[in-house]
Structures are given as structure tokens and as C-alpha cells.
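Here is a short briefing on selected features of one structure. Look at the sequence and the model first, then read the points below.

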Amino acid sequence: MTAATLNAGASRSVLPAALKEAAIAAVVALALTLPFVGLRTVDSPQGLTVVTRFGEVAIAVALVFIGRLGLVLVREGYAAAVLGASIAAAVVFWLAPFPTPPLRVIALGGAGVIAIRAALKLRDMRGGAAGQQARDNRADRFAAKVQELTRWLGPLVVLFAVALPFMPFAGRSVIDIGILLLTYIMLGWGLNIIVGYAGLLDLGYVAFYAVGAYSYALLAQYFGWSFWACLPLAGVLAAMAGLMLGFPVLRLRGDYFAIVTLGFGEIIRIVLLNWYDFTGGPNGISGIPRPDFFGIADFTRNPAEGKVAFHEMFGLEFDPLQRIIFLYYLILVLALAVNFFTLRIRKLPIGRAWEALREDEIACTALGIDRTRIKLAAFSISAMWGGFAGAFFATRQGFISPESFTFLESAIILAIVVLGGMGSQVGVVVATLIVIGLPEAFRELSEYRMLAFGMGMVLIMVWRPSGLLAHREPTVLLHGGRDARRKRAAAEARA
Amino acid sequence: MEYFLQQLINGLTLGAIYGLIAIGYTMVYGIIGMINFAHGEIYMIGAFVAVIAFIVLGLAGITWAPAAIALVLLLSMAFTAVYGWTVERFAYRPLRGAPRLAPLISAIGMSILLQNYVQLLQGARVKPIPPVVQGGFTIIERADGFAVNISYLQILIILTTVALMAGFTALINGTPLGRAQRACEQDKKMAGLLGVDVDRTISLTFVMGAALAAVAGVMVTMYYGVIDFFIGFLAGVKAFTAAVLGGIGSLPGAMLGGLAIGLIEAFWSGYFSIEYKDVAAFSILVLVLIFRPTGLLGRPEIEKV
């Protein structure tokens, strides 16, 4: 039964039914919040004891009741009234006192969501046919537009990134954040090859990041090799690890594959943690050498015997920032290399085979594509980029330990790829700005960071399972090119 | 020999707990074909409700162990079941019919969300509680003083698990709800056409899985006496390994797999190295998935176009 018929048939009995639904939601909210919000366990001299916070529980339950009531009324067609009420409520929440700031945020957010839902409903009622499908199409068109825009915007953003260290506002902290963002963008692009193009959910990507980081750290520690010798080696070793791990597991189906990669990621981390003599165990490896200027010059004030100082070579004043800027450019080049490589390989037969495998594995096998080999290529190439990023991470931090390579890290990189839209290169950049950049900007709210992060993953999956900017442009078209499609889209829009 | 017997007892206890969690994975996988990654977190929530309930009951003066344990079990099952229901309703139901990986990603998000929710509200410190049940039997005592013990708590855990398994099997085989669940497992669309409320059946599956995970949470709280917000991840992966080992979708398989994982872990820590016991569990997961993805008691899945 649709909302319209319900509304026409039984508009009188809407309110009691809505109240009942809201009451059920409130009871559920009570059960959810009572033990966790209402009773907080705290340490006391006599052992553990509880502190009550029933005020918060009451407010939370009331908010859920009002919110559910609002949503039900929107569904039943009272969108205009609810829109007004939710905006009024938002103003009240803004001014009213709350016992804790998070409750205010939840209240305001809830009012905002209901207002948006009501506004969308109003728009749908005016526009005629609507619903999930229409919304999906709208989002698709938006994603396509963004992708077309990047053609122009992309080079500008790259130019901005190149010029960033010399902007007047760029201090040490800005460049540090830039390095952090670029590291995650590189990891996201690397993972995108396997998740976005080959369509395999890898939950253990951080393992290759760890292999790269430890390769460089150990080679530098035991043999004193320089960063520039180790960087390609780290990539090669990570790719080998990818081949070794990938070979047995690539026959598995999607979700089993995901769990096995998670298992491998954890095994590598536990081994790093417990192989005390070799990896330093939980203490990690410290004093990893910083990179020099391509082996020619050092970034220190007084370089070692037989070496030149960077600032002397170029006749500059000594500045510790020089090394940071160099690191920034290094990761920028690495990240752009991944991007360039990915965009190019998409057009090669192997890249097309990845996308074909993602869309329909059985059809691909029928067409004679060796799926294990093709997947293995995606897996090891993706691992290689992870290894490069790992070596960079090691030299930038100067210290690594298994702590940096937990499952959560894999989940963050995966979230970047998924939120941005699997297979979308721009999406990775946008998602990194959201996932890594926003928490950096709101440092004081950092305890809520992971909470919001988990919630964001769920909400985006529910709202748009293919990701924010997911738009799969076929690389090959049968009937005409871009212009023909645009004409067709315009005709559809008119119809 | 005595040492072996002691590890056997410890392993069976541990295995019973893993088996209880594994049932939740196996039922959900059987019915909607997704890995409920947040299930480990549901178990963690059960353990936290148990800690809170023990403290509140202690403050209220209910300290007679049988009454306290029964009440805590009921409370933990009830509250945790609501969490199970809510997770399904918000994170998975909107994704029915979405591509296969979407619910898995949503589940990972849910798992991170629940972990941080508990950490924020209850603090990141470990939560110790005083022992509830003490004492036990000594089965064999060797000349050099090494004794094989089975504590009352271990007996309680094993007996509770056996009782729950029996009740649960009866529920699945003999009640209308169990019949509806088996129907949905075979063909959701057809079951819906024949008048089975599919959404309700799936919701109840999550509720039941969460309640069993809550029992496991209560048991672990009493067994180890200390929990924190991060216990769900490892226990979840191990229980999932158990479900896969036993054959995912099969209830006796989940119990069998749980016992196997518990025993392997106990013997591994007893005879080899305790540091690598998690590696043992993960390696089994990898090996089983590679060489026998259908598990011990599972039916092979046919890939359809």
C-alpha cells in the first residue's frame, strides 16, 4: 500500500497509529540507552561502581519519540507541518540548555534530518513520480557532472597542491596535514585498484602497508641501505607478499575473500608483534633514517663526512622546513604516480578485464578470461602501491610499530574508497578530505571521530550503496560516443 | 596426561562460548547470506550489560549467586536482543537486495560504531568484577602436586550451553517460527508468497542470535572476571571461524566448530606458544576457507547465474 492511498483512506486514524509507532520507537530507545547511557561504570576504591545519568536517558527517549513521530507524519503526507515544526524545534534546541554537548548535536542533527526528509517529500509531492529510483538517478547525474568537472578542476587542484608549500599561510602544521592527506589519498587510490576496479573487498590492505614500512625499516637497520635503494624494494616485496597471499585465496567468493584477507592482515600484525628479536616486537623500530635529497645532499645543518648540505648546495638559509617540504613533494609525486598509472591501465586489456570481472565473473570466465591471473595482477599491483606508501610512512615517521597497522587502519582506507564511490578516483580525494581532513580540523571533538566514522559508513551504505560519487562510465561504448549519450540523456530528461 | 586433561577441560569451556557466538553468525548467514560483522560487538555489549547488571544487583543487595546469575542472564539477553534487533533494522534491512558487499561494509561500520559507542559511554579502561562462583572439583591429583581441576563455573558454562543448544534445536525444528526460518533460508520470495512474514522472521533471527551472544558475554564476564570494549573483534573473528569450520548455515556445525576452535586454542597455548594462539585461529580460518569452504557439515553452494 502506498502512502497516498493510506492517506486518502484513513486520514482520521493517522494520529493514533503514528503515536503508537513513536511509542514503540521510544521503548526501544529506552532499552538501548538505559544500561549504557543511564548507568556508567566507574572505578572506585571498592572496585567498580555505577553512576546514574537518567536525565540523559529521558532526553534521548523523548527525542526519539518526537523524531519518530515526525518521520511517520512526513510519510503520511503532513510534510509541510512537520517541516515547520522541525525548523522551530531546531531553533529551540539551539537555545535550550542540554546536560551534555553531544545530546545537543544529536537533537540538532535529528531536527535537520527530519526537516530535509520533509522538504524532499514536499518536493516529490509537487514533482509527481518520485522515490528511491528518482533520488538515485539524481545522485548519478550529480556524480557524472562532478566527473566531467574534474577534467577541468583536476589540473587546477594539482597546481594548487604543487604551490601549497609556498603559500603565505602554509606553516609546518599545514604541510604536515597535507602529507597526511596525501598518504591516505595514495593508499585509497592503491586500494581502489582492487576494490573499485577488480571488485574484490580487501579487508587487510594495511598488511602491505606494513610490509613496505618494515621492509625499509629493517633494511635500513640491518644493512644501512638508503631510502632510495629501499623504496623500489619495498614495493617489490609488498607485491611479492600480495602474490603469495593472493594465490591461494583468489578462488574464493566475495565475502569469504574479504574475511581471509582480514585474517592475513591480522596474522602479519601478530607476527610483527611477537617476533621480538627481528622486528622489535611492540617496541617497534625507531631511528629510521630520514630521506636525503636523492642521495646527493642531506637535509641537516652539518652533514656527515663526504656529504653536502641541501641548503649549501642551493645557496639557501638552513631551515628544518626544507625536509618537510621535500617529503610533501615526494608523497605528492608518489600519489600522482598511482593515479596516472590507474587511469592508464584502465584502458589496457588487463584493466578492462578487471572491470568486466567486477560486473560479471561467470560471463568473463565464459569469454575465456583467466580470472585467477587477472585478479592476481590486480592484487599484487595494489599491494605494490601499498608497499611504496609504507616505505614513505616509515621514513616520514622515523618510528614504526605494529600499533600503526591494525585492522582499524584497513577499515579507514576501505571507508575512503567506499564512501567516495568504488572505482572513482575523485571520490577517493573527496572522501579523504571528509574522513581524515574533517577530524584534523575539529581536533577538540576527536573522541567522537571514530563514532561518527562508523555511523557515516552505515548511513552512506544505506543511502547510496555504491558510494557518494560512484559513477561507472563504461570505457567502451557500442552505439556512439559521449555526444550521442548526452543527447539521449537530454531526451530522457524532456520526456 | 593430566596436563592434557586440564587443557581439554579449558578448551571445552572456551569452545562452548565460541559455539554460542558462532550460532549467531551461522543463522544470519543461512537466512540472508551475509557475514554479520557486528556480531562480535553484540557479544561485547552482552558482556557489558552483564557487568553493569552484576554491579547494580550487588548494590541492590542480591548477592545469592544462583539468583544473581539467573537475573543477569535474563537482563543481558533482553537488552542485548534489542541491540541485535536495532542493528538489523537500521544497518541491514534497507540493504536487502543490494550488492553483496554493501551489507558487509555497513556491518563493518556498525561494528566500529558500537565499539566506540561503548568506549565513549563506559570508558576505555578494563572493567573488573569480583568472582561470582568460586571453587570446583579436583579430578586427579598427581604425586608432584599438579591437580586437574574443573571449576563449578566451567560446569555451569558447559551445562548452560548444552541446555541452550537443546532448547534451540527444538525451537528450530518444532515451532512455527523455526519452520518460517527454515523456509526463509531456502527461498525468501516463495516463503513470502506463502504468507511467511519474511522481515519479521529475519528480525527474530537477529534477536535470537544476539540473545545467545549475550549468554556467551555473561559467561566470559564470569569466567575471566575482566572485560573491555575491544573484546568483540577477536571473539567475533574466532566465532566466525568456528561457524565456517563447522559449515556455515548449519547449527550443529557451529557448535562443533566452536568446540574445535576452543580445543585448538587451548592445546596450542598449552603445548606451543601462547603468543601465537590467535595466529592459530586465523590460520585455521584461512586453511578451511581455501581447502574446504563448505566446512565440516555444510552443503556445497552452487553458483547460479
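This is a predicted model: local features need pLDDT of at least 70, side-chain atom pairs count only at pLDDT 80 or more; totals for chains, interfaces and linings use all residues.

**Leu376(A)**
- Leu376(A) lies in helix 16 of chain A, which covers residues 371-397.
- Leaving aside residues up to four places away in sequence, Leu376(A) touches Leu243(A), Gly246(A), Phe247(A) and Leu250(A).
- Between Leu376(A) and Val308(A) there are 68 residues in sequence and 44 Å in space, C-alpha to C-alpha.

**Contact between chains A and B**
- Chain A gives 45 residues to the contact, and chain B gives 50 residues.
- Elements of chain A that give two or more residues to this contact include helix 2 (14-38), strand 1 (39-44) and helix 9 (227-249).
- Helix 10 of chain A supplies the largest share of the chain A side, 13 residues.
- The chain A side has 33 nonpolar, 7 polar and 5 charged residues.

**Two packed helices in chain B**
- Helix 1 (residues 2-32) and helix 8 (residues 198-224) of chain B pack with their axes 8 Å apart, at an angle of about 165 degrees.
- That angle is over 145 degrees, so helix 1 of chain B is roughly antiparallel to helix 8 of chain B.
- The crossing of helix 1 and helix 8 of chain B is left-handed.
- Among the residues that make this contact are Gly24(B) of helix 1 and Gly209(B) of helix 8.
- The residues of this helix contact comprise 18 nonpolar, 3 polar and no charged.

Key: Residues are numbered from 1 along each chain as its sequence is written. Chains are lettered from A and ligands numbered from 1 in the order in which they are written. Two residues are in contact if their C-beta atoms, placed from the backbone, lie within 7 Å. Helices (H or I, at least four residues) and strands (E, at least two) are DSSP runs, numbered from the N terminus. Ala, Val, Leu, Ile, Met, Phe, Trp, Tyr, Cys and Pro count as nonpolar, Asp, Glu, Lys and Arg as charged, and the others, Gly among them, as polar. Axes are lines fitted to C-alpha atoms, for helices over the stretch in contact, and angles run from 0 to 180 degrees between N-to-C directions. Angles under 35 degrees count as roughly parallel, over 145 as roughly antiparallel, 65 to 115 as roughly perpendicular and the rest as oblique. A crossing is left-handed if the near helix is turned anticlockwise from the far one by less than a right angle, and right-handed if clockwise.
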